[in-house]
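Please examine the structure shown below together with its sequence. The report then describes selected features in turn.

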Amino acid sequence: MQLLWPTTPAEPVSDADLERLYGYPEDLTRPWVQVNFVSSADGAAAVDELSEGLSHPADKRVFLLGRWLSDVILVGAGTVRAEGYRGARINAERAARRLSRGLSEVPPIAVVTRSGDLDPAGPLFTDTKVPPIVLTTERAPTGRRAALERAGADVLVAGTDDVDLRYALELLGKRGLYRVDCEGGPKLFGDLIAADLVDQLCLTVAPLLAGGGARRISEGGPTPEPRRMDLASVLFEDGFTMLRYRRREGG
């Protein structure tokens with residue numbers, strides 16, 4: 001057993017340190033999925049149905065870093081609607097650093113939606129620098145898919161009745177989008193776990209008790225076999241603990 005905190009002396013963490021810790025593997029040949037979540041100490045994924053009530057500037061620093069280092073931001077349609085998603089915002093300095101890494105200036109948002117139920121007049125489509133990607137199904141009404149395409153979306157059919165996440169990631173990979181930063185929600189996270197597609201989990205634990213009735217960070221059916229993850233790093237600020245778990249190779 002090891003004491004990770006408190007320790008003396010405490011060392012501040014620079015942006016370069018964070019980029020080293022949270023950087024994606026080099027020379028990827030397949031999509032590599034990192035999932036970002038915040039939860040209360042008693043396991044709640046949100047307060048008043050929003051994750052904002054659990055967040056902290058330190059958590060947001062890690063959250064934004066996930067975006068800055070990614071090729072694409074993956075999110076479920078329910079989270080897009082609940083959180084009022086718009087296109088990613090990258091300042092000029094970060095955009096230049098992304099370009100120096102061989103990334104696009106701004107990562108697109110890729111939305112997983114079985115039904116295609118997204119508002120083409122919403123900020124995801126109207127307040128963005130790059131067109132969103134919509135990962136949907138043959139079941140989604142043709143007219144709805146066409147409306148999203150007219151709004152500028154790159155609509156990809158990745159399943160018949162439900163989105164096949166493995167195939168959806170393959171479609172992203174064919175576009176060179178290997179560094180996948182998933183921002184939830186719980187249903188999408190649960191489906192990624194069930195399909196054994198999670199390579200890294202970045203979990204912030206807030207020093208709050210939310211009480212019963214709140215959603216967990218993952219939802220859905222049982223996973224055939226639990227996936228063992230290795231603890232890769234621990235950061236701490238103002239009572240908030242930022243944990244990073246990485247897939248155990250061969251585990």
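The model is predicted.

**The largest pocket**

The largest pocket has a volume of about 1300 Å³. Its lining is made up of 49 residues, and those nearest the centre of the pocket are T79, E83, Y85, E183 and G185. Several elements each give two or more residues to this lining: the strands β1 (32–40), β7 (200–206) and β9 (240–247), and the helices α2 (57–68), α3 (77–83) and α8 (186–194). Sorted by class, the lining of the largest pocket has 21 nonpolar, 12 polar and 16 charged residues.

**The cavity**

The structure holds 1 cavity of 30 Å³ or more. The largest cavity has a volume of about 50 Å³. The residues that line the largest cavity are E19, W68, L69, R94, R97, R98 and R101. Helix α4 (residues 92–100) supplies the largest share of this lining, with 3 residues. By class, the lining of the largest cavity divides into 2 nonpolar, no polar and 5 charged residues.

**The packing of α1 and α2**

Two packed helices are described by the angle between their axes and the distance between the axes. Helix α1 (residues 15–22) packs with α2 at an angle of about 60°, and the axes of these helices are 11 Å apart. The helices α1 and α2 are therefore oblique to each other. The crossing in which α1 passes α2 is right-handed. On the side of α1, the residues in contact are D15, L18, E19 and Y22, and these meet R61, V62 and L65 in α2. By class, this contact has 4 nonpolar, no polar and 3 charged residues. One of the α1 residues in the contact, E19, also belongs to the lining of the largest cavity.

**Two points of the backbone**

Which residues does a cis peptide bond join? The bond lies between G184 and G185, with omega about 5°. G185 has its place in the loop between β6 (179–182) and α8, and G185 is also among the residues nearest the centre of the largest pocket.

The other point concerns D27, a residue other than glycine with a positive phi, near 55°. D27 is found in the loop between α1 and β1.

Conventions:
Residues are numbered from 1 along each chain as its sequence is written. This is a predicted model: local features need pLDDT of at least 70, side-chain atom pairs count only at pLDDT 80 or more; totals for chains, interfaces and linings use all residues. Side-chain values use heavy atoms; hydrogens and water are left out. On a 1 Å grid over the protein atoms alone, a cavity is a set of points where a 1.4 Å probe fits but cannot get out, and a pocket is an open set with protein on both sides within 12 Å along at least five of seven lines; lining residues have an atom within 4 Å of a point. Grid points are joined across faces, edges and corners, and a volume is the space filled by probe spheres set on the points. Helices (H or I, at least four residues) and strands (E, at least two) are DSSP runs, numbered from the N terminus. Ala, Val, Leu, Ile, Met, Phe, Trp, Tyr, Cys and Pro count as nonpolar, Asp, Glu, Lys and Arg as charged, and the others, Gly among them, as polar. Axes are lines fitted to C-alpha atoms, for helices over the stretch in contact, and angles run from 0 to 180 degrees between N-to-C directions. Angles under 35 degrees count as roughly parallel, over 145 as roughly antiparallel, 65 to 115 as roughly perpendicular and the rest as oblique. A crossing is left-handed if the near helix is turned anticlockwise from the far one by less than a right angle, and right-handed if clockwise. Contact means heavy atoms within 4.5 Å.
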